[in-house]
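Some labels given to parts of a protein model rest on a cut-off.

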Amino acid sequence: MSEYVPLETDTCPRLLDVKGEQNIKIKYKKYFKKYNKKYFVIFGIFYIMWIIFYKKSLKGGKLAFIKNNLFKLAVLLKISFIFYSLCLWTIAFMRIRKIVKALLYIFMVISLVGAFYYDHGEHFKFHGMYNFMVFCIFIVIFDTLSLILYRWYVFVVLKKFFKQFSIFASFISFIFFFILRRYENVWGVGFLNKKIDDGENLFKVRRPIPWFDLLPVRQNIWTGSESCERKEIFNAYFDSENENKFTIVECPENLPISYVVLPETRTMNFKERKKFALRQSVNKKLDVSVFNYTEPVALPDVEAVLAKCGEHDKLVVRLAGRRVKPAKEPQPKDKLNILLIYIDAMSRRQFFRSLPKTKKLMEKLHKSGKMHLNQFFRYGVVGYNTYANSLGLFAGVQITKGKRGLPIWEDYRNNGYVSGEADDQCEDWDGRYNHRAKVSFDHELLAPFCLPEYHPRTGFPFDYTKDFIKTYDGTNPWFFRASFIEAHESTASVLKLIDDDLVDLIETLGDEGLDRTAIIMMSDHGLHMGLCFLFTEQGFVEHKLPFLATLIPERFLKDYPELRQNLDDNEQKLISAYDIYATFKDLLNFDAKLEPQEKNNYGIKGMDISEVKFTKISKRNTESIKKLEENIEEKKRFKNYKKGLRVKDTQDNNFLSKNNKKQNKNNTIIIDTKDINGVTVWGKSLLRKIENRKCEDILIKKNYCVCN
């Protein structure tokens with residue numbers, strides 16, 4: 001038997017048998033059989049590990065579980081992606097027939113589809129849809145890059161590859177370095193080229209590396225067009241030339257015509273409005289509100305109707321005329337209207353990324369001398385999501401079992417203001433977060449956004465808000481809350497779609513309206529979902545720095561020059577939701593000599609923010625609240641309760657709640673303290689001088705604080 005001499009090839013050693021080509025083939029097959037057996041074992045291990053880690057990343061629960069385990073779930077998802085990619089590359093290096101290799105790739109695709117069907121939920125308990133989307137993004141980006149590098153390596157020799165790759169990587173790094181430096185400089189810039197100031201007496205804000213700004217402006221390209229136009233075969237409207245009767249026209253004669261009157265959500269009880277019940281409550285009421293259409297019909301006091309022509313439908317929304325009589329006396333200069341533009345989950349930086357036209361208009365109003373623009377760089381969150389933050393913003397209370405606060409818009413309404421709301425999310429704030437259901441608004445647009453069918457979202461709330469302003473501005477003081485959910489999505493791409501609408505809304509006020517209206521644009525927290533939040537420090541920091549800006553009429557500030565100075569000085573101060581609530585209270589019946597907590601507050605228990613201690617939300621703050629209540633002097637509570645607040649009964653509203661307030665013979669408002677039983681946490685109004693404070697001084701916990 002002669003010796004075998006190895007024959008080098010591009011793929012593996014090959015044994016040379018001098019007895020003939022047949023022995024060479026036999027040895028070749030034996031070698032690759034052993035070679036592929038090893039790779040099949042490796043492939044099987046990688047595949048099992050992918051299944052295990054992907055399944056672990058699907059673990060869900062309540063919001064608290066997701067919040068506490070978000071980083072862990074993200075790591076598990078990353079590991080599962082690595083093992084899936086290793087499976088793909090293991091197949092690539094197997095020495096098998098092409099048809100077998102193709103079948104293995106098909107098997108991997110089928111497995112991925114199976115993972116999708118195993119869990120494609122969109123809730124905290126079952127969140128497979130989000131896992132699958134992120135997983136696929138990883139595959140497309142990283143495996144495509146890996147394939148390009150591999151083909152590049154195969155195309156050139158090893159030495160040339162490293163040389164070319166080093167040059168290319170250096171060039172790309174050089175470009176990214178200067179782009180990141182630019183975004184780092186822009187990250188802290190706000191209106192009028194003002195920046196986050198890191199003075200000696202100020203706490204420094206953490207400056208993250210703005211990786212997110214390197215991504216394309218639009219990240220949701222897989223969703224198709226950003227405009228979803230509906231093909232309308234008929235028309236429906238309230239005919240102003242025919243006594244505002246509801247009219248349906250142009251429907252083909254062979255199709256049945258009907259209409260559905262959408263229910264009035266503001267008069268629903270707590271059971272119908274609590275948590276996630278509102279959508280079901282609205283749609284149940286639709287079943288008994290369907291009417292056949294034969295001719296134009298009068299629908300007094302109805303604000304939303306769904307017209308139907310066969311299988312086609314059209315949503316018609318309006319402000320159903322005046323529900324409150326004009327005030328008998330002119331509106332005092334100190335009694336400002338309030339336009340609250342609330343955009344859920346919008347960080348300070350996200351505003352400037354997505355709403356450049358709105359930014360430009362707000363700066364223009366400031367430079368014109370009509371309005372005074374202020375921005376607050378260190379506005380921080382007191383909680384992870386809308387629950388804790390909005391309770392502080394709108395009611396001045398903490399999350400506490402069985403405790404409720406008085407919504408700020410209801411407070412204004414009790415004091416003679418006309419109140420209104422348009423919210424493009426099917427969620428009643430009072431029922432969802434404050435656990436009560438009282439008539440807080442004179443006008444409320446909410447039901448259309450509880451419908452299961454698609455309808456254009458952006459136009460209705462803006463048109464409704466503008467109609468409200470046109471109806472009441474100049475005749476009644478008013479408070480309107482325009483709430484939008486467009487920023488609350490993972491790609492951060494939808495928010496820019498309402499930029500033009502926001503500009504149009506603010507311009508609706510006109511010069512006279514601006515003279516008597518304070519515009520407050522704000523959010524409760526930054527984005528807490530998506531790639532930026534999951535995988536970068538930038539996402540964590542921006543989540544803790546929501547947007548807040550105010551436009552106060554110069555006509556009002558001219559009488560109080562110290563307020564203008566305070567607003568400017570407070571731009572760099574650390575503030576929280578409780579300070580914003582105090583600002584709303586300060587603007588209500590403004591008195592320069594009295595702090596908000598020094599005014600009459602219906603006998604509702606209150607505590608200065610410096611005296612309130614942190615409590616665990618999981619225990620609903622029950623023990624802490626009991627201690628606070630014990631510390632409040634009985635005499636002071638009784639005095640505030642008796643004093644009350646006199647207001648003129650200018651409201652003529654059939655839906656006015658009889659349970660949320662009682663009036664004595666002197667027409668003095670007395671709030672039912674059994675209904676409003678929470679302890680108000682008094683922050684510092686932005687109109688007043690604010691000293692430098694630490695996060696713990698204003699109830700911002702360490703893990704939510706962005707100041708060093």
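The questions that follow concern a predicted model.

Q: Why is F176 called partly exposed?
A: F176 has a relative accessible area of 39%. Buried means under 20% and exposed over 50%, with partly exposed in between, so F176 is partly exposed. This residue is found in helix α5, residues 158–187.

Q: Which residues form a nonpolar patch on the surface?
A: The patch consists of F171, F174, I175, F176, F177, F178 and I179, and together they have about 690 Å² of accessible area.

Q: Why does N193 count as exposed?
A: Its relative accessibility is 66%, and exposed means over 50%, so N193 counts as exposed. N193 lies in the loop between α5 and β3 (235–239).

Q: Why is A492 called buried?
A: The relative accessible area of A492 is 14%. Buried means under 20%, so A492 is buried. A492 is found in the loop between β14 (478–484) and α14 (499–508).

Q: What is the phi of N193, and what is that of A492?
A: N193 has a positive phi of about 60 degrees and is not a glycine. Phi of A492 is near 60 degrees, also positive in a residue other than glycine. Most residues other than glycine have a negative phi.

Q: What makes β10 and β13 edge strands?
A: The open sheet has seven strands in the order β10-β16-β15-β9-β14-β12-β13, with mixed pairing. β10 (371–375) and β13 (443–445) each have a single partner strand, so one side of each is left without a neighbour in the sheet.

Definitions and conventions. Residues numbered from 1 in each chain as written. Predicted model: local features only at pLDDT ≥ 70, side-chain atom pairs only at ≥ 80, totals over all residues. Heavy atoms only, no water. Patch = residues over 30% accessible without salt bridge, like charges linked within 9 Å, V, L, I, M, F, W, Y side chains within 5 Å. Areas by Shrake-Rupley, 256 points an atom, 1.4 Å probe, with all protein chains shown as cover. Salt bridge = Lys/Arg side-chain N within 4 Å of Asp/Glu carboxyl O. Helix = DSSP H or I, 4+ residues; strand = E, 2+ residues; numbered from the N terminus. Buried < 20%, exposed > 50% of the residue type's maximum accessible area, 1.4 Å probe, protein only. Pairing = 2+ DSSP bridges.
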